[in-house]
Amino acid sequence: MISSQILHSCLKENFGFEKFRTNQEEIINTILRGQDTLAIMPTGGGKSICFQLPALLFPGITIVISPLIALMKDQVDSLKANGISACYINSTQSEKEQQNHIQNIIDKKIKLVYVAPESLSYLENTFTLIEISLIAIDEAHCISSWGHDFRPAYTNLGYLKNRFPTTPILALTATADKATREDINNQLNLKNPAVFISSFDRKNLSLEVRPALDRVKQIIDFIETKTNESGIIYCLSRKTTEELAEKLTKAGITAKAYHAGLETELRSKTQDEFINDKCQVVCATIAFGMGIDKSNVRWVIHYNLPKNIEGYYQEIGRAGRDGLPSETILFESYGDLIQLQKFASQGQNAEIQLAKLDRMKQYADALSCRRKILLSYFGEIVTENCGNCDICNNPPAFFDGTILAQKALSAIIRLKESEPLPVIIDFLRGSKNAYIYEKEYQNLKTYGVGIETSWQDWNQYLIQLINLGYCEIAFHQQNKIRLTPLAKKVLFENEKVQLNTIKKSVPKQVEQETNKTKTVKNSLFESLRKLRYEIAQEEEVPAYVIFSDSALRQMEINRPMSEEELITIDGVGKAKLEKYGDAFIKAIIAFHKDKKVKPKKGSNTYKETLALYQEGLTPEEIAEKRKLGVSTIISHLAKLYSDGASIDLKQFVSNEEVALISAAAIQLEKPTALKPFFDYFEEKMSYEKIRVGLAIIEKEENVM
Ligand code: ADP
Ligand code: ZN
């Protein structure tokens with residue numbers, strides 16, 4: 001068995017993380033023992049590490065079956081950024097490209113290969129030539145026709161176990177229900193699998209429900225406090241996505257619509273812009289998100305009520321995958337509810353759909369901790385209130401609403417239980433509109449008895465009365481409001497009714513925001529974000545592939561100004577330190593010089609290296625002595641040289657090489673990062689040489 005210490009150092013070195021998340025280490029251990037495993041984790045729970053880390057420890061290759069090409073590309077980019085050799089094979093590639101990858105696989109140059117189930121056949125001839133150590137099946141619920149993402153090609157995957165009986169299979173999904181789980185086990189022929197089910201709690205997501213009054217204004221106000229922070233707004237209809245995107249654009253926000261009716265090209269363009277932080281907001285139908293791995297989505301808004309809690313939870317789950325605090329807001333409207341009821345009752349499985357919608361509505365109307373309700377829906381019982389939902393932060397207050405209830409319920413009787421909610425409110429408020437006069441309602445008793453209460457407040461109170469069961473909406477009869485037998489108790493038996501105080505202003509959560517990581521312009525975070533964006537552009541990968549938001553936040557807090565300090569940041573592994581360390585350290589130092597902030601007292605790492613160098617030690621000896629990598633020492637020397645120390649850098653790089661680097665710098669238009677150089681030289685020039693060469697060139701330029 002591999003020790004926990006080795007697993008931890010493998011995690012830090014290759015992925016930059018200090019600690020495993022829940023179940024990751026346990027899952028990795030069962031796989032390393034060769035056991036089939038089923039891992040159920042919520043979105044953002046950290047499924048990928050569960051096969052990526054064992055892949056590095058196994059002698060052979062790991063095959064990852066994944067349903068979406070866009071996801072594969074992201075994962076492969078992320079792995080490469082961490083210095084791990086990976087590729088994907090799919091039908092969009094040319095035959096030559098495929099052949100190239102396959103040759104690399106045969107030559108054992110690749111640790112992980114991603115492939116869609118439909119494309120497994122491309123690998124068929126290779127199977128006998130290679131050693132397969134692990135098969136990971138991502139989004140394994142796609143195998144089940146019970147589920148919502150059924151993919152027929154997944155059902156063919158059962159043959160893998162027969163073909164590779166001793167290779168462990170790891171099935172991963174975020175769908176927890178029992179029927180799907182059994183389907184996965186059976187159809188994949190898993191042998192006595194170890195099953196791990198993680199908690200579905202995503203503590204970093206705040207939960208809030210607001211009444212849908214003036215939604216657009218509320219949304220614009222909200223986004224204005226979220227400079228540069230990506231978010232998704234889910235809408236029920238395609239039309240709404242387009243209209244909303246237009247309104248937001250008019251308000252000066254970069255927003256785009258996304259729905260299945262748009263051309264494929266436009267859709268993938270929007271998706272790319274969002275992933276690459278060029279478009280801040282996407283207004284989307286539920287078609288958006290499945291193929292998105294973006295870890296720094298900071299907020300998700302539901303413009304309309306979702307159809308069920310599964311969908312809602314999956315959609316808000318796209319926020320905050322990096323673990324940082326992220327906000328979610330659901331707008332609840334009575335109109336949406338009516339429309340959804342109609343859809344549900346007309347569709348397939350009407351009864352189930354209606355029941356699910358009802359649970360969704362109960363969640364939205366909740367008067368106790370929302371997270372408890374969500375988790376209990378997924379079968380998790382929690383006893384503590386979460387402290388991160390609107391109810392916990394702003395507990396509802398009640399008042400004696402008996403008189404209000406009596407007025408409303410008698411109005412319903414006077415109107416012969418034949419009018420929908422808006423007419424009842426108009427009637428209560430003594431409105432003089434055409435409809436009221438046409439029906440001569442102004443002559444009935446109780447007309448105008450509720451004039452002192454605003455229209456919006458009546459709306460809320462009536463919905464509360466519906467939720468309390470005193471009246472109900474007849475969905476099949478033009479949404480007329482009818483009384484239930486309970487109403488009698490209020491009208492004739494003096495039953496007291498407790499109503500919930502209506503919150504006038506939308507809770508602003510000011511306190512929370514200041515505690516949390518608020519983006520301030522001109523902050524260190526902003527300059528690091530900018531640097532990350534530049535590097536991402538150069539390398540043509542999404543920004544979060546370079547470093548996650550959470551890594552940048554930690555850099556902002558800890559201000560690492562040397563490589564030893566930088567490597568302590570969660571998310572900085574060896575490869576990233578090498579590729580990006582310099583640029584980020586420089587940016588942090590420059591920021592502090594600029595702001596005249598005294599740097600934190602850190603170790604005098606450069607001085608230590610310099611002293612040893614001056615004693616005549618070689619970089620290898622210094623590295624040995626200081627327990628650092630040789631490349632780190634050489635980069636220290638390059639930095640010391642740039643700062644004016646007398647160091648003979650020419651011993652590390654030849655004049656020809658410097659000339660080549662200089663030519664590359666011109667060709668590449670002086671990129672910020674070292675990676676473009678590395679790629680330019682087709683990985684044949686080491687990072688140390690590039691770094692040293694650049695230091696020499698910079699000095700020469702300054703002298704001239
Ligand atoms: P999932 O596939 O379960 O939705 P991912 O594997 O994409 O989740 O991981 C979500 C995010 O969490 C990624 O940004 C990943 O880098 C990060 N992550 C995963 N494991 C850890 C860990 N042990 N420590 C810190 N961050 C982690
Ligand atoms: Zn709560």
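**The ligand and its surroundings**

Modeller: Ligand 1 is surrounded by 17 residues, and the closest are Lys19, Gly44, Lys47, Ser48 and Arg321. A residue is counted as near a molecule if one of its heavy atoms lies within 4 Å of it. This is a predicted model, in which local features need pLDDT of at least 70 and side-chain atom pairs count only at pLDDT 80 or more, while totals for chains, interfaces and linings use all residues. Residues are numbered from 1 along each chain as its sequence is written, chains are lettered from A and ligands numbered from 1 in the order in which they are written, and side-chain values use heavy atoms, with hydrogens and water left out.

Biologist: Which classes of residue make up the shell around ligand 1?

Modeller: Ala, Val, Leu, Ile, Met, Phe, Trp, Tyr, Cys and Pro count as nonpolar, Asp, Glu, Lys and Arg as charged, and the others, Gly among them, as polar. Here the shell holds four nonpolar, seven polar and six charged residues.

Biologist: Which polar side-chain atom lies 3.0 Å from an oxygen atom of ligand 1?

Modeller: A polar contact is a pair of N or O atoms within 3.5 Å. The atom in question belongs to Arg21.

**Domains and sheets**

Biologist: Which domains contribute to the shell around ligand 1?

Modeller: Domain bounds come from an automatic or database domain assignment. Domain 1 (4-197) and domain 2 (205-393) each supply at least three residues of the shell. The assignment also gives domain 3 (398-500) and domain 4 (533-703).

Biologist: In what order do the strands of the open sheet of seven run?

Modeller: Strands (E, at least two residues) are DSSP runs numbered from the N terminus, and two of them pair if DSSP finds at least two bridges between them. The order is E3-E4-E2-E5-E6-E1-E7, with parallel pairing. Strand E3 (86-89) and strand E7 (194-197) each have a single partner strand, so one side of each has no neighbour in the sheet. Strand E1 (residues 37-40) pairs with E7 over four bridges, and Thr37 has Ala194 as its bridge partner in E7.

Definitions and conventions:
A polar contact is a pair of N or O atoms within 3.5 Å; within protein, one must be able to donate a hydrogen and the other to accept it, and residues adjacent in sequence count only if both atoms are side-chain atoms.
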